[in-house]
Amino acid sequence: MKLIRFGEPGKEKPGLLLDDGRRVDASAAARDYDEIFFGSGGLETLAQWSAENAAKAPEVDPKVRLGSPVARPSKLLCIGLNFRDHAAETNAPLPEEPVLFSKATSALSGPYDNVIIPRGSEQTDWEVEIAVVIGKRASYITETQAAEHIAGYILHNDVSERSFQKDRGGQWVKGKSADSFAPLGPFMATPGEITDVNNLAMWLTLNGEKMQDGNTSNLIFNIPHIVSYLSQFMSLLPGDVISTGTPAGVGMGMNPPRYLSPGDVVELGIEGLGSSRQNVVAYNP
Ligand code: ZN
């Protein structure tokens with residue numbers, strides 16, 4: 001299944017993207033795609049409903065906005081420096097254990113929403129990533145148990161303000177958390193939609209020019225390892241989102257560095273997870 005949420009920001013309703021490309025309203029089967037949904041067998045209920053009803057469910061106009069495919073989670077966690085070529089371009093040593101940081105969950109936005117350059121920013125940057133959605137509470141799980149705790153996968157742009165991230169003291173979270181810095185979607189694919197999550201092409205363009213061209217096969221720490229690893233430090237709750245790191249080709253790694261300006265257009269995609277597009281705009285109170 002491909003789960004979508006549609007409607008105005010904060011008022012999204014649950015839906016499905018069907019194989020024939022139609023979007024349908026799934027409100028009859030779910031209140032929202034949130035912690036309660038994932039934690040109470042909602043995906044199974046939805047699958048059953050979908051098999052019987054999706055083809056005749058109310059259609060959603062293709063012009064209606066898509067929001068993040070999952071509702072605001074309890075945690076939005078990210079792994080840093082998880083591709084060798086990206087660690088190299090940022091002059092960072094290869095990590096011996098996964099580098100963990102968080103993004104504010106208020107940064108979440110839809111796949112075609114604008115990216116807003118925050119006030120005072122001169123170094124807003126892009127990062128195409130595959131994000132994992134947790135389906136079941138995970139605490140001290142092994143790598144082999146990871147699969148049963150995963151609800152699905154989503155395309156994510158881990159938008160980052162490099163000066164806020166690196167020059168302002170403390171943790172990376174300052175540079176990762178501005179409003180609109182986490183466009184998720186267009187949809188969450190359940191694991192059955194993906195043949196091999198460890199071999200998916202991923203790409204990002206800026207104004208049509210290819211910037212990032214990677215593959216999930218090059219992750220230093222793969223997805224089962226990441227889910228197991230994080231669960232040694234905290235309970236991962238249903239609906240939590242974990243973004244797994246970006247390949248080379250970010251603006252910070254260029255010579256000279258290249259950052260986003262109002263009017264820029266960022267497009268990104270991952271094989272099997274669709275593509276998204278964000279227009280870049282200035283902050284405007
Ligand atoms: Zn990232």
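A: Gladly! Let us start with a term: a residue is called buried when its relative accessible area is under 20%, exposed when that area is over 50%, and partly exposed in between. Keep in mind that this is a predicted model.

Q: Is D113 buried or exposed by that rule?

A: D113 has a relative accessible area of 17%, so D113 is buried. R65 is buried as well, because its value is 19%. The side chains of these two, D113 and R65, meet in a salt bridge, with 2.7 Å from N to O. This pair links distant parts of the chain: D113 sits in the loop between β6 and β7, R65 in the loop between α2 and β4, and they are 48 residues apart.

Q: How many salt bridges does a search of the whole structure find?

A: The search finds 20. One of them joins the side chains of R22 and E59, at 3.1 Å from N to O. R22 is partly exposed at 24%, while E59 is exposed at 53% relative accessibility. Another salt bridge is formed by D61 and K63, whose closest N and O atoms are 3.7 Å apart. D61 is partly exposed at 34%, and K63 is exposed at 74%.

Q: Which residues are linked in a network of salt bridges?

A: The network links K103, D125, E127, D158, R162 and K176.

Q: How should I read the surroundings of a residue such as S160?

A: Begin with its place and its accessibility, then look for partners. S160 is found in strand β11 and is buried, because its relative accessibility is 0%. A polar atom of the S160 side chain lies 2.8 Å from the backbone oxygen of D158. The side chains of S160 and K176 are joined by a polar contact, also of 2.8 Å. Leaving aside neighbours within four places in sequence, the residues in contact with S160 include Q123, T124, G175 and F181.

Q: And what should I know about strands, such as β13 and β14?

A: In a regular strand, side chains alternate between the two faces of the sheet. Here β13 (residues 201-206) and β14 (residues 209-215) pair in the antiparallel sense over six bridges. Look for W203, which stands opposite D213 in β14. The hairpin has two residues between the strands, and N207 takes a positive phi near 50° there.

Conventions. Residues numbered from 1 in each chain as written. Predicted model: local features only at pLDDT ≥ 70, side-chain atom pairs only at ≥ 80, totals over all residues. Heavy atoms only, no water. Pairing = 2+ DSSP bridges. Helix = DSSP H or I, 4+ residues; strand = E, 2+ residues; numbered from the N terminus. Buried < 20%, exposed > 50% of the residue type's maximum accessible area, 1.4 Å probe, protein only. Polar contact = N/O pair within 3.5 Å; in protein donor to acceptor, adjacent residues only side chain to side chain. Contact = heavy atoms within 4.5 Å. Salt bridge = Lys/Arg side-chain N within 4 Å of Asp/Glu carboxyl O.
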